Amino acid sequence: MKLYSYFRSSAAYRVRIALNLKGIAYETVPIHLIKDGGRHRQAEYRAVNPQMRVPALVAPDGELLIQSLAIIEYLEEIKPEPPLLPKDPIARAQVRALADIVACDIHPMNNLGSLRYLKHELHQEQPAIDAWYHHWVIDGFTSLESLVRPGPYSFGADVTLADLFLIPQVANARRLKVPLEAFPKIVGIETACLRLSAFDRARPENQPDAE
Ligand SMILES: N[C@@H](CCC(=O)N[C@@H](CS)C(=O)NCC(=O)O)C(=O)O
């Protein structure tokens, strides 16, 4: 498989963890989100993914898949082991809810395009943009800190979809210097996950395009 990725993209990081956990070999195609005004916005990548975002995955039959959750669900369907969701329907919905807090409520507020809009179209200064970023991470993490199960992972003894979404968001929060002292459970989950090779190999600093 071929993964269009950027080392710092938390959405691509989710997919990298899933590919590693499932033991699926893949080739990284780096798309630099900053250089040349963002290479994801240039015609060559727009022809690949009209949404002009990463990640995008080329499946073995050549079909292109976009959106990290859709890609991860595809990987789960073609390679169910190890499972990323529990068997019980209620538990599955609860795990998905944890992942959705990151995917739907934190990340869209803070992704590159949203922050660029605040800066270039709404003419906000960097301190205001940083405050916006911190606000949405703290808001989401406050909910997650109450909702996660006794560890070591977000939903208990097994790694789930919830961890694939949480750990990349924590990495971004650290990079943007969001204080994490109020979130000891989340930090504990991060420590447990990063001990696993599948998570460690997916980290931004371990990518071929890392700077
Ligand atoms: N919901 C999408 C989000 C994808 C996304 O926003 N990716 C970011 C990098 S983490 C991106 O490509 N941003 C480019 C931009 O906003 O211009 C997913 O889960 O795949």
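**Around the ligand**

Guide: The side chain of His40 has an N or O atom 2.9 Å from an oxygen atom of the ligand. That is a polar contact (a pair of N or O atoms within 3.5 Å; within protein, one must be able to donate a hydrogen and the other to accept it, and residues adjacent in sequence count only if both atoms are side-chain atoms). The model is predicted, with local features needing pLDDT of at least 70 and side-chain atom pairs pLDDT 80 or more, while totals for chains, interfaces and linings use all residues. Numbering starts from 1 along each chain as its sequence is written, and side-chain values use heavy atoms, without hydrogens or water.

Arg14 places a side-chain N or O atom 3.2 Å from a ligand oxygen. Alone, the ligand exposes 510 Å², and the protein buries 90% of that. These areas use the Shrake-Rupley method with a 1.4 Å probe; for residues, only the protein chains shown count as cover.

In total, 16 residues surround the ligand, each with a heavy atom within 4 Å of it. Among the closest are His40, Gln67 and Ser68.

Now take Ser68. It sits in helix 3 (residues 68-78). Helices (H or I, at least four residues) and strands (E, at least two) are DSSP runs, numbered from the N terminus. Ser68 has a relative accessible area of 5%, so it is buried. Buried means under 20%, exposed over 50%, and partly exposed in between (1.4 Å probe, protein chains only). Its side chain makes a polar contact with that of Arg14, at 2.9 Å. Beyond four places in sequence, Ser68 is in contact with Ala11, Arg14, Val15, Pro55 and Phe165. Contact here means heavy atoms within 4.5 Å.

Phe165 leads on to Ile17. The two are 148 residues apart in sequence but 9.5 Å apart, C-alpha to C-alpha. Ile17 belongs to helix 1 (residues 10-22). It counts as buried because its relative accessibility is 0%. Leaving out residues up to four places away, it touches Leu164, Pro168, Ala198, Phe199 and Ala202.

In soluble globular proteins, nonpolar side chains tend to be buried together.

Last, the rings. There are 4 aromatic pairs. Rings of Phe, Tyr and Trp (its six-membered ring) pair if their centres lie within 6.5 Å; planes under 30 degrees apart are stacked, over 60 edge-to-face, the rest tilted. Tyr4 and Tyr45 form a tilted pair, 5.5 Å between centres and 55° between planes. Tyr4 is in strand 1 (residues 2-5) and Tyr45 in helix 2 (residues 43-48), so this pair ties together parts 41 residues apart in sequence. Tyr4 is buried at 11% relative accessibility, and Tyr45 is buried at 2%. Tyr6 and Phe7 make an edge-to-face pair, 5.0 Å centre to centre with 70° between the planes. Both Tyr6 and Phe7 are buried.
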